[in-house]
Amino acid sequence: MNSPLLVLILSFVLLFLAAHLGDFLRNRVFPLKEDVRNDFGVVSGATLTLLGLLIGFSFSMAVSRYDQRKNYEEAEANAIGTEYLRAGLLPAKDVARVRELLKKYVDQRVSFYETRDPHGLAKVDADTAALQNELWSAVLPAAAAQPTPPIALVVSGMNDVLNSQGYTQAAWWNRIPIAAWVLMTAIAICCNLLIGYGAHRTERRIFLVVPVAVSIAFFLISDIDSPRGGSIQVAPQNLLSLSRSLRTQ
């Protein structure tokens, strides 16, 4: 599901073949009797309605997950920016180090959003984990030496920075379940099978309508639901703005 274009092509081929299979069954194997055509139309309409509901629910799920990823990007930028300011409460010898680490950390988070190569992403994750360890180690000595409310505020802010990355990662892993895709595909195949079987005559152009429409819907859902593989992606606008702001300080 990380390749929306592949989803588009495969779904169209499967659904178009299903429509022709239904047409073949009607012409060669089990001809549809006219006295049952009305009942067949009810069944076909109900199946199409079910498919429409499933596509609507799946689209809603994909959009909500996309919005969640956007919200966590904003929250992550806010957490880092706040901690950059709170770092001024640390002893003078630690302020410069923590703030420089935070600048590097922002760049790593921007890379997380912009990287598409799996090998490059693995490096970004490793560098991010190393920076997180450095950031936490940078505030621990001050917290141990001066357990005051201002220092506790700095430690709490650093905890928010590290937690926000975990929330972001969890949101990127939160995808539409494979079982939902299987169910939608099965219902879509049944719908096109029924369309081909219930047609009065073989007409290839008519058989194209539903496969094209459903394939485009699947493509859109997959594109929104895919954090890295699709064209509709979360841009790290807040992190980029924060990075530019920190560079000027």
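The model is predicted. Its largest nonpolar core has 49 residues. Its second largest pocket holds about 180 Å³ of space. Glutamine 132 and alanine 19 are the buried residues discussed below, while leucine 220 is partly exposed.

**Second largest pocket**

- The volume of the second largest pocket is about 180 Å³.
- Its lining includes Asn2, as well as Phe112, Leu121 and Asp125.
- Gln169, Trp172, Trp173 and Arg175 also line this pocket.
- The run Ser226, Pro227, Arg228 and Gly229 belongs to the lining too.
- Helix H4 (118–145) and helix H5 (149–173) each give at least two residues to the lining.
- H5 supplies the largest share, with three residues.
- By class, the lining has five nonpolar, four polar and three charged residues.

**Largest nonpolar core**

- In general, nonpolar side chains tend to be buried together in soluble globular proteins.
- Here, the largest nonpolar core has 49 residues, and those with the most contacts inside it are Leu51, Ile55, Ile80, Leu90, Val98, Val214 and Phe218.
- Eight helices are listed as giving two or more residues to this core: helix H1 (4–29), helix H2 (37–86), helix H3 (92–114), H4, H5, helix H6 (178–198), helix H7 (204–225) and helix H8 (237–247).
- Beyond its neighbours within four places in sequence, leucine 51 is in contact with Met184, Ile187, Ala188, Cys191 and Val214.
- Val214, one of these partners, is also among the residues with the most contacts inside the core.

**Glutamine 132, in helix H4**

- Glutamine 132 sits in helix H4.
- Glutamine 132 counts as buried because its relative accessible area is 15%, under the 20% limit.
- Its side chain makes a polar contact of 3.2 Å with the side chain of glutamine 165.
- Not counting residues up to four places away in sequence, glutamine 132 touches Tyr105, Leu162 and Gln165.
- Glutamine 132 and leucine 162 are 30 residues apart along the chain, and their C-alpha atoms are separated by 6.8 Å.

**Alanine 19, in helix H1**

- Alanine 19 lies in helix H1.
- Alanine 19 has a relative accessible area of 1%, so it is buried.
- Leaving aside neighbours within four places in sequence, its contacts are Asn192, Leu193, Gly196 and Phe207.
- From alanine 19 to isoleucine 206 the C-alpha distance is 9.7 Å, although the two are 187 residues apart in sequence.

**Leucine 220, in helix H7**

- Leucine 220 is found in helix H7.
- Its relative accessible area is 34%, between the 20% and 50% limits, so leucine 220 is partly exposed.
- Leucine 220 is in contact with Phe59 and Ile232, once neighbours within four places in sequence are set aside.

Conventions
Residues numbered from 1 in each chain as written. Predicted model: local features only at pLDDT ≥ 70, side-chain atom pairs only at ≥ 80, totals over all residues. Heavy atoms only, no water. 1 Å grid on protein atoms, 1.4 Å probe; cavity = no way out; pocket = protein on both sides within 12 Å on 5 of 7 lines; lining within 4 Å. Points joined across faces, edges and corners; volume = space filled by probe spheres on them. Helix = DSSP H or I, 4+ residues; strand = E, 2+ residues; numbered from the N terminus. Nonpolar A, V, L, I, M, F, W, Y, C, P; charged D, E, K, R; others polar. Buried < 20%, exposed > 50% of the residue type's maximum accessible area, 1.4 Å probe, protein only. Polar contact = N/O pair within 3.5 Å; in protein donor to acceptor, adjacent residues only side chain to side chain. Contact = heavy atoms within 4.5 Å. Core = buried A, V, L, I, M, F, W, Y, C linked by side-chain atoms within 4.5 Å.
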